[in-house]
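Please look through the sequence and the model shown here before reading my notes. The points are numbered so that you can check each one against the structure.

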Amino acid sequence: MNKTEFSQESKAIVTAKLVDPSQETFDAAAAALQDGKLVAFPTETVYGLGADATNDTAVASIFEAKGRPSFNPLIVHVADLDHARRFADISPLGEKLAAAFWPGGLTLVLKRRPDCVLSLLVSAGLDTVALRVPNHPIAQRLIASSGCAIAAPSANPSGKLSPTHATHVVEGLSDREELAYIIDGGPCSLGVESTVIGLPEGGPATLLRPGAVARAEIEAHLGAPLAEPAAQGATDGRSSPGMLASHYAPDAPLRLDAETVPKGGLLLGFGNTPDATANLSSTGDLKEAAANLFAMLRALDMQADGRPIAVSPIPNEGLGEAINDRLKRAAAPRD
Ligand code: TXA
Ligand code: MG
């Protein structure tokens, strides 16, 4: 892969640059954010495509770069709970979850404060905003050096696999002019997106999207089960608008819960699957499987060249819930 040096001259030719996180990188990336440009950066879950969350035009260019349906709201990344308080009313339940899981892979959907200066676009017309404190030194330093709350969905074209390596971002988005920099922080340690929790006023905490923090861990802290989103919400894009049925889609057709390698196809294994083309975790470790999921799906998709990919059964416990959720979407019928 070409690593492009940061320089003025290269700007005309290479609009998006893969840069190592030196001090100049942070200065340049912070200036780009303040200037309304986009910066892709690593978090512990996946790479994010970031913009100054108070800048309408910058946020709009995220939707543009991803080709994302405009009804889909974005997560805003903040430094800590105090930073979050500037934008949202934190309910007692929100305080409890933030204390337990921030910084980390948990996103809280909170009521926007009346004086909230975040772009209305990040909320896509709702009166709530999704906030997260990332547990990653590069993400944190980018927030600190820019002074911005950073709106960032995963840094992939809409509907495609989420990026867990900087090279994935290069593959998907480097031709986008809005994208000023891609900061390379190596592979993401968790590898699936954050768990999204809705906190409706007076209602129970709701699991809007399974993710990097397992349901059981959250329920243990709450001392109560998480509610499910309203019946249609999970698939029709209303109560959690990001949860489109087909998402994270590879090009190859995907068959789940497979016990054998499909004829002429490939197998993404889990556990003791010696015939697998690639194995998410040969020891059956769900954490390792989550970290490998998107990178292995990408690699197999390239190798498959249209042939089917089968995936071994993954137990639906702990991080398995998020992995199965992403696999189900990747296998769903496409439009
Ligand atoms: O791990 C992650 O969450 C990554 C990294 C970059 O932080 N970000 C990410 O963002 O996955 P995105 O935009 O791809 O997913 C945001 C999810 C979507 O399912 C969206 O519908 C939901 O959060 N969401 C955002 N704001 C919401 C809101 N106000 N109400 C309900 N759901 C919301
Ligand atoms: Mg995404």
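This is a predicted model: local features need pLDDT of at least 70, side-chain atom pairs count only at pLDDT 80 or more; totals for chains, interfaces and linings use all residues.

1. Leaving out residues up to four places away in sequence, T25 touches V19, D20 and I183, where a contact means heavy atoms within 4.5 Å. T25 belongs to helix α2, which covers residues 23–34; helices (H or I, at least four residues) and strands (E, at least two) are DSSP runs, numbered from the N terminus. T25 counts as buried because its relative accessibility is 9%, and the cut-offs here are under 20% relative accessible area for buried, over 50% for exposed and partly exposed in between, with a 1.4 Å probe and protein chains only.

2. Residues are numbered from 1 along each chain as its sequence is written, chains are lettered from A and ligands numbered from 1 in the order in which they are written, and side-chain values use heavy atoms, with hydrogens and water left out.

3. For the protein as a whole, the secondary structure comes to 11 helices and 15 strands, and 55% of the 335 residues count as buried. Among contacts with a separation of 6 or more, 67% are between residues 24 or more positions apart.

4. Helix α3, residues 56–66, has as its buried residues A58, V59, S61, I62, F63, A65 and K66. An α-helix has 3.6 residues a turn, so residues three or four places apart point the same way. The cover over the buried residues of α3 includes β2 (38–41), β3 (48–52), β8 (150–151) and α7 (166–173). At the start of α3, a side-chain oxygen of N55 comes within 3.0 Å of the backbone nitrogen of T57, and just after the helix G67 has a positive phi of about 65°.

5. Which residues touch the most other members of the largest nonpolar core? Of its 49 residues, they are V76, L118, L131 and I197, and α3 gives the most to this core, with 5 residues. Such a core is a set of buried Ala, Val, Leu, Ile, Met, Phe, Trp, Tyr and Cys residues joined through side-chain atoms within 4.5 Å. A second, separate core of 28 residues includes V46, L266, L280 and I309. Setting aside neighbours within four places in sequence, the contacts of L131 include V76, V78, A84, W102 and L118.

6. S146 is found in helix α6, residues 137–146, and it counts as buried because its relative accessibility is 8%. Its side chain reaches the backbone oxygen of L142 at 2.7 Å, a polar contact, that is, a pair of N or O atoms within 3.5 Å in which, within protein, one must be able to donate a hydrogen and the other to accept it, residues adjacent in sequence counting only if both atoms are side-chain atoms. Beyond four places in sequence, S146 is in contact with A30, L33 and Q34; the C-alpha atoms of S146 and Q34 are separated by 6.7 Å, although the two residues are 112 residues apart along the chain.

7. T206, in strand β11 (residues 206–209), is buried, with a relative accessible area of 9%. A polar atom of the T206 side chain lies 3.1 Å from the backbone oxygen of P204. Not counting residues up to four places away in sequence, T206 touches V196, I197, G198, P200, L226, A227, E228 and P229.

8. Some backbone angles deserve a check, since most residues other than glycine have a negative phi, and most peptide bonds are trans. A cis peptide bond, with omega of about -5°, joins W102 and P103, and P103 is found in the loop between α5 (92–101) and β6 (106–112). D257, which is not a glycine, has a positive phi of about 55°; it lies in the loop between β12 (254–255) and β13 (266–269) and is exposed, with a relative accessible area of 53%. D305 also has a positive phi, near 50°, and is found in the loop between α10 (286–304) and β15 (309–311), where it is exposed, with a relative accessible area of 71%.
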